[in-house]
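Subject: Structure handover

Hello,

Here is the structure you asked about. My notes on it follow below.

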Amino acid sequence: MDIFLIRLLQFMLAIGLLVLLHEGGHFFFAKLFGVKVDKFYLFFDPSIWKWDGSLFKWKPKNSDTQYGIGWLPLGGYCKIAGMIDESFDTEQMKQPEQPWEFRAKPAWQRLLIMIGGVLVNFLLALFIYSMILFHWGETYIPVKDMTLGMKFNAEAKALGFQDGDILVGTEKGEFKEFSADLYRDLSEAKRADIIRDGKAMSLQLPGDINLLGMLKAEPSFVRPLIPAEIDSVMADTPAASIGLQKGDRIVAINNKSVDSYNEFTDQLGILEDMMTAAKTPGDSLKIRTTTIVYARGERQDTASVVLTPELKLGFFVKSITGLYEPITKEYGFFESFPAGIKYGWNVLAGYVGDMKYVFTADGAKSLGGFGAIGSLFPPMWDWYLFWKMTAFLSIILAFMNILPIPALDGGHVLFLLYEMITRRKPSETFMIRAEYVGFGILILLMVVANLNDILRWLGYM
């Protein structure tokens, strides 16, 4: 429960900040061009019976704008006078046009008002990334320094990779760190540069490996090889009961040889799949009863042990940062801005490039709602990870809002560009209908994404 609350608080803080600043971008340009803003709300406030839906509202003296917080935490809105938006306020549009209304302003001013939110979110992400680099620097382990090499799955081995290969780069350049960018580069590469048994060599790749398949594969397409050498043993666990000690190496489990901790966890994954078919406590106990072969120096011993209900043995191995020395690159205040802009642009480019997978069956299943987004935050409060995740969400919010879907900023921008090119305004009837269609699409996407969360939680996906 504590982990859930910590993640929920981080999620609500990040989303609240991003929504306020996004709507603030619309608000700024509206006020700049003398457009009246009727309401400025965090979260939506659909009325319920005689209640107007506001948890809090305030209208300053001599102000046209009512500020408030709604009860439905699905975003926020800035209700601009004389504009057809998600409020579907058609009564106002039936009145004579006023000079302080959105519809009375030149198209270029209306365009800036509409892109104001996206612009703020994008600039905010670049600023946050810059400040992260300035405050914490950039800490990572160069892939080429991972001298134990990588562990590959069957698909990767079919392409010529071997366990223990040290990845260096592709024709695009040298790998920096082990991240999604490495997977992305490999998926698009026609050549992979590696070091095998101390010798540099290259492998030919097809250039169109399915990235989503690489990321979702079990075991993973590639991951850093971690030795199956015990670093510490937890008290009162199966590992402690059979006398495992620091420095022991796991050699086999259930007569299956393992050459790394990666392979050991793969075997536990097989047992986990078997547990889903267990019908009785006896079936479960039988699956959890395993035979472990471990080496201590030159001697090997065999032990029978019952794993925990979570299929844990109860030991730790060295993490990646324990196996290799990370390097930290520090940035001065002014150096951090070009570095942050480059970092943010790469994040955006990668996200946009991956959007093509959304239109596949696996991609649709990978969509996530509020639960999936919330789970991306760390289980403990960590300001570095919080701000990094907030910047990422800000980029996503900017990109998603600029998509040419009616009811989103991008839909309004599309119609404004049409007007600027043709010198003709779309009719109000068309705009209202388009808004309904766009709103329906958004609701459908939200339902699918959150339904995927529920199905994953129930174990059906």
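At roughly what angle do the axes of helix α3 and helix α11 cross? The axes of α3 (residues 107-136) and α11 (residues 333-354) cross at roughly 125 degrees and come within 7 Å. Because of that angle, α3 is oblique to α11 (under 35 degrees is roughly parallel, over 145 roughly antiparallel, 65 to 115 roughly perpendicular, and the rest oblique). Axes here are lines fitted to C-alpha atoms, for helices over the stretch in contact, with angles from 0 to 180 degrees between N-to-C directions.

Before the rest, a note on the source. This is a predicted model, in which local features need pLDDT of at least 70 and side-chain atom pairs count only at pLDDT 80 or more, while totals for chains, interfaces and linings use all residues. Residues are numbered from 1 along each chain as its sequence is written, and side-chain values use heavy atoms, with hydrogens and water left out.

The whole chain

The protein chain has 16 helices and 18 strands (DSSP runs numbered from the N terminus: H or I of at least four residues for helices, E of at least two for strands). Its C-alpha atoms fill a box of roughly 90 × 55 × 40 Å along the principal axes. Of its 461 residues, 42% count as buried (under 20% relative accessible area; exposed is over 50%, partly exposed in between, with a 1.4 Å probe and protein chains only).

Salt bridges

The structure holds 20 salt bridges (a side-chain nitrogen of Lys or Arg within 4 Å of a carboxyl oxygen of Asp or Glu). Aspartate 38 forms one with lysine 79, their closest N and O atoms being 3.4 Å apart. This pair links distant parts of the chain, with aspartate 38 in strand β1 (residues 37-44) and lysine 79 in strand β4 (residues 72-80), 41 residues apart. Aspartate 38 is buried at 15% relative accessibility, and lysine 79 is buried at 10%. Aspartate 38 also meets lysine 36 in a salt bridge (3.9 Å, N to O); lysine 36 is partly exposed, at 24%.

Glutamate 263 forms a salt bridge with lysine 151, with 2.7 Å between the closest N and O atoms. Glutamate 263 sits in helix α8 (residues 261-275) and lysine 151 in strand β6 (residues 150-152), 112 residues apart. Lysine 151 is buried, at 3% relative accessibility. Both belong to a network of salt bridges that links Lys151, Lys157, Asp163, Asp259 and Glu263.

Regards
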